[in-house]
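My entries follow in the order I made them.

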Amino acid sequence: MTAVRDVLLIALISFLGAAAAGLVGAVLLRMLRRRSVTVSLTVVAGVTVMAMLAGTLAVARAMFLSPHDLTVVTTVVAMASVVSLATALLLGRWVVARSRELARAARTFGEDGSFAAPGREATAELAELGRELAATSDRLAESRERERALEASRRELVAWISHDLRTPLAGLRAMSEALEDGVVADPQRYFRQIRAEVERMNRMVGDLFELSRIHAGALALTPTRISAHDLVGEALAGAGPLAREHGVRLVGDRVESVPIEVDAEEMTRVLANLLVNAIRRTPADGTVAVAAERREDCVVLSVTDGCGGIPEEDLPRVFDTGWRGTEARTPPAGAGLGLAIVRGIVEAHDGRAGVCNVSGGCRFEVTLPSAP
C-alpha cells in the first residue's frame, strides 16, 4: 500500500508541476497567436520541456534527492530542452518556407490568373491546400473563358439585333412618309406591310426578353404532367398555316403517348421554334417530320427537316446565341435567337438539346426526363 501511495503522490506532484507549465504555455500561445508558426512550434516544444522539468524537479525535491542527483537530472532535462527547441526551430522554419512558397504561387491569381503549386515537398495540409488552389485556378480559367465567350456573343448579338432592327425601321419610316405625303396608290398594301414589320419586331423583342430571363436564371417553370402526343399535336396545329404557306408537309406519325412533366407553355415554344426553323429551311414540297419516343429513362422529341444539312464545323455552334448558319442553309428571317432559347428552356427542364445531320437534312432532338 505504501508503494502505491508513493506512486500516486509522485504522479500528483508531477502532474501539478506539468499543469503549471502547460498553463503558462497556453497563455503564451494565446498572446503569440498572430506570430509565425516557428514561434508557436518553439513555444510548444518549450512547454513540453518545461512541463517535464517542472514535474521532475517537484518530484526530486519531494523525494529529497541529493544535490548531485538533482544536478544530473536537471542537466539531462536541459540537454533535452536544447535538442527539442532546435528541432522545433528547424521544423518551424521549414514550414514557414513552404508556406511562403505557396503564398508566392497564390499571388499569380492576381497577376496572370493562373496557379502552379510549388514543386518542393510540403506538409500534407499545405500540399492539400496547393491542390485545392490549383483546382480553383482551373475553375476560374474555365469561368473566364466562358465569360469571354459570352461577352463576345453579347457583342455579336447587339450588332445583329441593331442590323435587324435598322432594316424594318427604315422601311416603316419610308412607308409612313409615303402615306403622309399621299403618294401611295394602294394604302392598304402599305398598312399590311407595316403591320407585318411591327409583328416581326414584336417577336424579336419577345425573343430577347425570353433569352434575358434564361441567362439571368429567372425562367420560372410550372411543370405539369402531359402526354407527348398532346404536346406535339398542339405544336403541329400551330405550325400548320406556316407549313402550307411554304408548301411543306408536316408529318407526325411517330409520336408515342408517353408522359412527361414539363412546363407546357415553354415546351410548346420549344417545339414551335424548332418547327418554324425547320419549315423555313425546307424547300417547297419537302417534309418536316416530328417524332416522340421513349428511350430507356428519357423521352426524345425530334424534328427532322430537309434543309440539306449543316456543315460539320457548325454543328457545335448551332445553339449559340445569334448563330445564323452558313450558305448551306437558306438565310434566316430572325436574329438567331430561336435555337438559343430552345437550349435554355430544355436545360431548365434538366434536359439537353442536340442536332445531327441525316440524309437530306438534319434532325434536332430534345431529350427530357421521363415522368414516373
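Predicted model: local features only at pLDDT ≥ 70, side-chain atom pairs only at ≥ 80, totals over all residues.

Entry 1, surface. I find that the chain exposes about 22100 Å², of which carbon and sulfur atoms supply 59%. The areas come from the Shrake-Rupley method with a 1.4 Å probe, and for residues only the protein chains shown count as cover.

Residues are numbered from 1 along each chain as its sequence is written, and side-chain values use heavy atoms, with hydrogens and water left out.

Of the 372 residues, 33% are buried, meaning under 20% relative accessible area (1.4 Å probe, protein chains only). Contact means heavy atoms within 4.5 Å. Among contacts between residues at least 6 apart in sequence, 70% join residues at least 24 apart.

I looked up the axes of H7 (residues 228-246) and H8 (residues 264-281), which come within 9 Å and cross at roughly 30°. Therefore H7 is roughly parallel to H8, a label for angles under 35 degrees. Axes are lines fitted to C-alpha atoms, for helices over the stretch in contact, and angles run from 0 to 180 degrees between N-to-C directions. On the H7 side I see Leu231, Leu242 and His246 among the residues that meet H8, whose own include Met267, Leu271 and Arg280. By class this contact has 13 nonpolar, two polar and two charged residues.

Which residues of H9 (residues 338-348) are buried? I get Leu339, Ala340, Ile341, Val342, Gly344, Ile345 and Val346. Their cover includes H6 (187-215), H8, S6 (352-358) and S7 (361-369). After H9 comes Asp350, with a positive phi near 65°.

I place Ser302 in S5 (residues 298-304). Is Ser302 buried or exposed? Ser302 is buried, at a relative accessible area of 7%. Setting aside neighbours within four places in sequence, Ser302 is in contact with Ala289, Val290, Ala291, Arg363, Phe364 and Glu365.

I find Tyr190 in H6. Its C-alpha atom is separated by 9.2 Å from that of Leu172, 18 residues apart along the chain. Leaving out neighbours within four places, Tyr190 is in contact with Met175, Ala178, Leu179 and Val184.

How values were computed. Buried < 20%, exposed > 50% of the residue type's maximum accessible area, 1.4 Å probe, protein only. Helix = DSSP H or I, 4+ residues; strand = E, 2+ residues; numbered from the N terminus. Parallel < 35°, antiparallel > 145°, perpendicular 65-115°, else oblique. Nonpolar A, V, L, I, M, F, W, Y, C, P; charged D, E, K, R; others polar.
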